[in-house]
Amino acid sequence: MRMPLVVGNWKMNTNVEQAVGLAKEVSDLTHAIDQVTKVICPPYVSLEPIKKALAGTKLHVGAQNLHPEPSGAFTGEVSVHMLSGLVEFAIVGHSERRNIFGESDDTVASKVIAAAAHKIRPIVCVGESTNQRDSGNAIDLVKQQLFASLNGCQDWTRLIVAYEPLWAIGTDKAASPEIAQEMMGSIRKAIVSKAGSRAGEALTLLYGGSVKSGNARSFFEQQDIDGALVGGSSLSAVEFSEIIKRAEHVD
């Protein structure tokens with residue numbers, strides 16, 4: 001049985017003081033919930049102070065991105081080696097990284113491999129555009145993107161895949177639970193066909209895209225949806241905590 005997982009992606013928001021305060025508030029509001037894995041992904045500058053502030057709590061810390069090389073002449077980047085021991089999770093291949101910063105599937109794949117080598121669980125983001133959805137080929141296109149982003153992956157049992165349709169991110173237009181389930185069920189089947197039933201059963205699938213406390217449970221009730229990757233709603237401790245509560249005790 002997979003443990004539900006809810007991840008908050010704070011993106012480029014909060015200064016260090018605000019971030020520590022928000023992290024502590026989320027921890028306090030959710031401390032009694034131990035049947036859901038709870039993760040926050042603050043900006044890099046806040047990772048270490050938040051890690052210290054959350055010592056002894058049940059709230060985990062993740063990174064929003066990483067560079068696959070351990071060191072080198074990569075001005076402005078943060079390496080997987082620097083993050084090792086500091087975070088347990090890392091988001092890779094988010095649509096904003098792909099679309100704004102031009103990251104390719106090959107780049108994402110290198111990050112997946114590097115994260116796994118440093119005992120960091122990668123949260124691999126995939127999703128289709130409006131045009132791709134309208135073409136009727138969304139499922140095949142997302143599977144192609146997923147496998148290209150996992151090229152060279154050796155350990156398929158610790159993967160986390162976040163399905164984030166581009167047309168639902170930050171638009172207040174979430175996919176229907178049925179659309180999300182159809183896509184994520186196809187992703188699980190594809191992983192089974194590639195890596196076997198053990199990997200398929202272990203795979204944690206998250207939905208992302210305008211997730212709120214009001215719609216979260218309808219997603220969590222779907223057979224192949226194990227949690228959520230939450231953007232804007234994770235910047236409110238109360239709202240994010242309510243989403244986490246919705247993931248608890250879902251049949």
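The expected span of a helix is 1.5 Å times one less than its number of residues. Helices (H or I, at least four residues) and strands (E, at least two) are DSSP runs, numbered from the N terminus. The model is predicted: local features need pLDDT of at least 70 and side-chain atom pairs count only at pLDDT 80 or more, whereas totals for chains, interfaces and linings use all residues. Residues are numbered from 1 along each chain as its sequence is written, and side-chain values use heavy atoms, without hydrogens and water.

**Helix α8**
- Helix α8 (residues 177-195) has 19 residues and reaches 26 Å from its first C-alpha to its last, close to the expected 27 Å.
- Its buried residues (under 20% relative accessible area, 1.4 Å probe, protein chains only) include Pro177, Met183, Met184, Ile187, Arg188 and Ile191.
- Gly196, with a positive phi near 100°, follows α8.

**Strands β1 and β2**
- Five of the five residues of strand β2 (residues 37-41) are buried, so β2 is largely enclosed by the rest of the structure.
- Thr37, Val39 and Cys41 point one way from β2, and Lys38 and Ile40 point the other way.
- Strand β1 (residues 5-9) pairs with β2 in the parallel sense over five bridges, where pairing requires at least two DSSP bridges.
- Leu5 has Thr37 of β2 as its bridge partner.

**Helices α5 and α7**
- The axes (lines fitted to C-alpha atoms over the stretch in contact, with angles from 0 to 180 degrees between N-to-C directions) of α5 (residues 105-117) and α7 (residues 138-149) come within 7 Å and cross at roughly 50°.
- Contact (heavy atoms within 4.5 Å) is made by Asp105, Val108, Ala109 and Val112 of α5 and by Gln145, Ala148 and Ser149 of α7.

Key. Buried means under 20% relative accessible area, exposed over 50%, partly exposed in between (1.4 Å probe, protein chains only).
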